[in-house]
Amino acid sequence: MIISDLSCEQEHCFEAWFASSEALDTQLGNAQVACPMCGSTHIKRLPAAPAVTRGHDKPAGAQESPKEIAKRVIESLRTLAETAEDVGSRFADEARKIHHGETEERRIRGRATQDEVSELIDEGINVLPVPPDPTRLH
């Protein structure tokens, strides 16, 4: 497993995890990686530099707490999910169709059981559960 620093054409910087460097190169080449802020698939790999902060993020020497990082990641995932097609309870079936080339490739979101998510992952289909927005829970 590798973690890579990436950036989109809008210069949004983010991290992503990949099984290997080859998997990263393949997914970037096939436009399978999308910016969590804007959804762009024009992504480039950034040079890795541990513990480097950009000046506009925090004052020099300041670090985000784990809670702040988690909040930012969840907000980014929700933003990305909002730009995806909602396929509802058909999520697992649609993910398989996309993976097997039976339908057009696109970002989707929806609902799936834990068993369905486990099966998708076992089949090599990348999925990412996103916690629901607590303000939208009834």
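Tutor: Start with the term. Two strands count as paired if DSSP finds at least two bridges between them. The model is a predicted one.

Now the sheet itself. Three strands make up an open sheet, ordered β2-β1-β3, and they pair in the antiparallel sense. The edge positions belong to β2 (13–18) and β3 (43–45). Each has a single partner strand, so one side of each lacks a neighbour in the sheet. On average, neighbouring strands are turned by 40° against each other, direction ignored. In general, strands of a sheet pair through backbone hydrogen bonds, parallel or antiparallel.

Look at one pairing. β1 covers residues 2–8 and joins β2 through six bridges, antiparallel. Leu6 has Phe14 of β2 as its bridge partner.

What packs on these strands? Helix α1 (residues 21–29) does: its buried residues pack against β1, β2 and β3. Those buried residues are Ala23, Leu24, Gln27 and Leu28. They span an arc of only 130° around the axis, so they sit on the same side of α1. The face turned away from that buried side carries the exposed residues Glu22 and Gly29. After α1 comes Ala31, with a positive phi near 55°.

Next, the cysteines. A disulfide is a covalent bond between two cysteine sulfur atoms. How many disulfides does the model hold? The count is zero. Cys13 is in no disulfide, and the nearest cysteine sulfur, in Cys8, lies 8.0 Å away. Cys13 is partly exposed, at 24% relative accessibility. Cys35 has a cysteine sulfur at 3.7 Å, that of Cys38. The cut-off for a disulfide is 2.5 Å, so this pair is too far apart for a bond. Cys35 is buried, with a relative accessibility of 0%.

Ser76 belongs to helix α2 (residues 66–82). At 13% relative accessibility, Ser76 is buried. Leaving out residues up to four places away in sequence, Ser76 touches Pro36 and Met37.

Last, the charged pairs. The structure holds nine salt bridges. One of them joins Asp86 and Arg109, with 3.5 Å between the closest N and O atoms. Asp86 is in strand β4 (residues 85–86) and Arg109 in strand β5 (residues 108–109), so this pair ties together parts 23 residues apart in sequence. Both partners are partly exposed: Asp86 at 45% relative accessibility, Arg109 at 32%.

Glu94 takes part in two of the bridges described here: with Arg90 at 4.0 Å, N to O, and with Lys97 at 3.8 Å between the closest N and O atoms. Glu94 and Lys97 both lie in helix α3 (residues 91–99), three residues apart, about one turn of the helix. Shared partners link these bridges into one network of Glu85, Arg90, Glu94, Lys97, Glu104 and Arg106. Is Glu94 buried or exposed? Glu94 is buried, with 9% relative accessible area. Its two partners are partly exposed: Arg90 at 44% relative accessibility, and Lys97 at 35% relative accessible area.

Key
Residues are numbered from 1 along each chain as its sequence is written. This is a predicted model: local features need pLDDT of at least 70, side-chain atom pairs count only at pLDDT 80 or more; totals for chains, interfaces and linings use all residues. Side-chain values use heavy atoms; hydrogens and water are left out. Helices (H or I, at least four residues) and strands (E, at least two) are DSSP runs, numbered from the N terminus. Axes are lines fitted to C-alpha atoms, for helices over the stretch in contact, and angles run from 0 to 180 degrees between N-to-C directions. Buried means under 20% relative accessible area, exposed over 50%, partly exposed in between (1.4 Å probe, protein chains only). Contact means heavy atoms within 4.5 Å. The arc is that of the directions from the helix axis to the C-beta atoms. A salt bridge is a side-chain nitrogen of Lys or Arg within 4 Å of a carboxyl oxygen of Asp or Glu.
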